[in-house]
Amino acid sequence: MTARLSGRELAAGIRAEVAAAAAELAAAGTPPRLAVLVATADESSSWYVRSIARAAAETGVVCSVVDLGESATPDRIRAELAALSRDPAVHGIILQTPLPADAVFEDLAAAIDPAKDVDGANPLSLGRLAAGLPAFAPATAAAVLALLDHHGIPLSGAHAVVVGRSTVVGKPVAHLLLQRDATVTVCHSRTKELAEVTGSADVLVVAVGRPGLVTAEHVAEGAVVIDVGTNPTPDGGLVGDVDAGSVSGRVAGLTPVPGGVGPVTTALLLHQTIQAARS
Ligand code: NAP
């Protein structure tokens, strides 16, 4: 029997907290504001930005989308991030990906004031996270931990395997799991015998971007699997990296896609914006 580890109820609870806090902040004269900087015409990116803007509107967080267009230069993007960082009316800043080909995400994100870096994009934030210092974690990584906690999955001493080592998901998830005393293994495209490594996980987090990468042969019986992958399907839907039909019945719990990590990520972005507005 595989439990469906939904993120929807958790996300609704976080959004309710955000709405109450946003109303208080607005009444005190500081409406919380999130700025999303976009420099792409990518359709899945605009879908994601629209979903952030919708969730923000529903919770009373002001969301400004700053669209510089796909031909924006790295200097232009950096200057805009610096201006938003100086603007006292802006509390949270997100640098949306993808970026123009000549732009390096981590390099540009360094221009985001760490106090407003609500998606943990500035390399300083990841460094502080790795050092165990207070910092905003990338919202997706924080969402993975929040989901595990919400569903009561024990982490101390557990073997957690993370597949994917990006700076936005894999690496910060690994640091957060380490902070919670899990024994952590990180896998990537050069990992040998992936199924053998993932098959030894009590908790498996998959953040790759390849539909169907993880099947029954990659998971131990009774493992908990968090599927971070979001892969668009030709019919306009979304699938994860885990073949849910294949692992179902073997693992103890699996997050659905959509409805697992995604809604919690969006809710936590707004929650981190509230924290930034309060500080
Ligand atoms: P990314 O930057 O492309 O990183 C993908 C990682 O997967 C890399 O570390 C890569 O290894 C590894 N990889 C690729 N092929 C592999 C294979 N065959 N076996 C093992 N590892 C492999 O992607 P990302 O930004 O981390 O995103 C990962 C997925 O999460 C995507 O589907 C994305 O859409 C999704 N996502 C979801 C949310 C959400 O809120 N739900 C948020 C962000 C991202 P190398 O380092 O060796 O190349």
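An oxygen atom of the ligand sits 3.1 Å from an N or O atom in the side chain of Thr 265. That falls under what we'll call a polar contact: a pair of N or O atoms within 3.5 Å, where, within protein, one must be able to donate a hydrogen and the other to accept it, and residues adjacent in sequence count only if both atoms are side-chain atoms. Taken alone, the ligand exposes 930 Å², and the protein buries 70% of that. (Accessible areas come from the Shrake-Rupley method with a 1.4 Å probe; for residues, only the protein chains shown count as cover.)

Before going on, a word on what you're looking at: this is a predicted model, in which local features need pLDDT of at least 70 and side-chain atom pairs count only at pLDDT 80 or more, while totals for chains, interfaces and linings use all residues. Residues are numbered from 1 along each chain as its sequence is written, and side-chain values use heavy atoms, with hydrogens and water left out.

Now, who else is around the ligand? There are 22 residues around it, and Thr 140, Arg 165, Ser 166, Ser 189 and Thr 230 come nearest; a residue is near a molecule or strand if one of its heavy atoms lies within 4 Å of it. By class, this shell has 9 nonpolar, 11 polar and 2 charged residues. Here Ala, Val, Leu, Ile, Met, Phe, Trp, Tyr, Cys and Pro count as nonpolar, Asp, Glu, Lys and Arg as charged, and the others, Gly among them, as polar. Helix H10 (residues 261-278) gives the most to the shell, with 3 residues. Helices (H or I, at least four residues) and strands (E, at least two) are DSSP runs, numbered from the N terminus.

Two strands pair if DSSP finds at least two bridges between them. S6 pairs with strand S5 (residues 159-163) over 5 bridges, and there Val 161 stands opposite Thr 185.

Zoom in on strand S8 (residues 224-227). Val 224 and Ile 226 point one way, Val 225 and Asp 227 the other, and all are buried. Buried means under 20% relative accessible area, exposed over 50%, and partly exposed in between (1.4 Å probe, protein chains only). S8 pairs with strand S7 (residues 203-206) over 4 bridges, with Val 205 as the bridge partner of Ile 226. S8 is also joined by 2 bridges to strand S11 (residues 253-254), where Gly 253 stands opposite Val 224.

One more stop: the loop between S1 and helix H1 (8-27), where you'll find Ser 6. Ser 6 counts as buried because its relative accessible area is 7%. Its side chain makes a polar contact with the side chain of Glu 9, at 3.1 Å. By contrast, Arg 33, in strand S2 (residues 33-38), is partly exposed because its relative accessible area is 28%.
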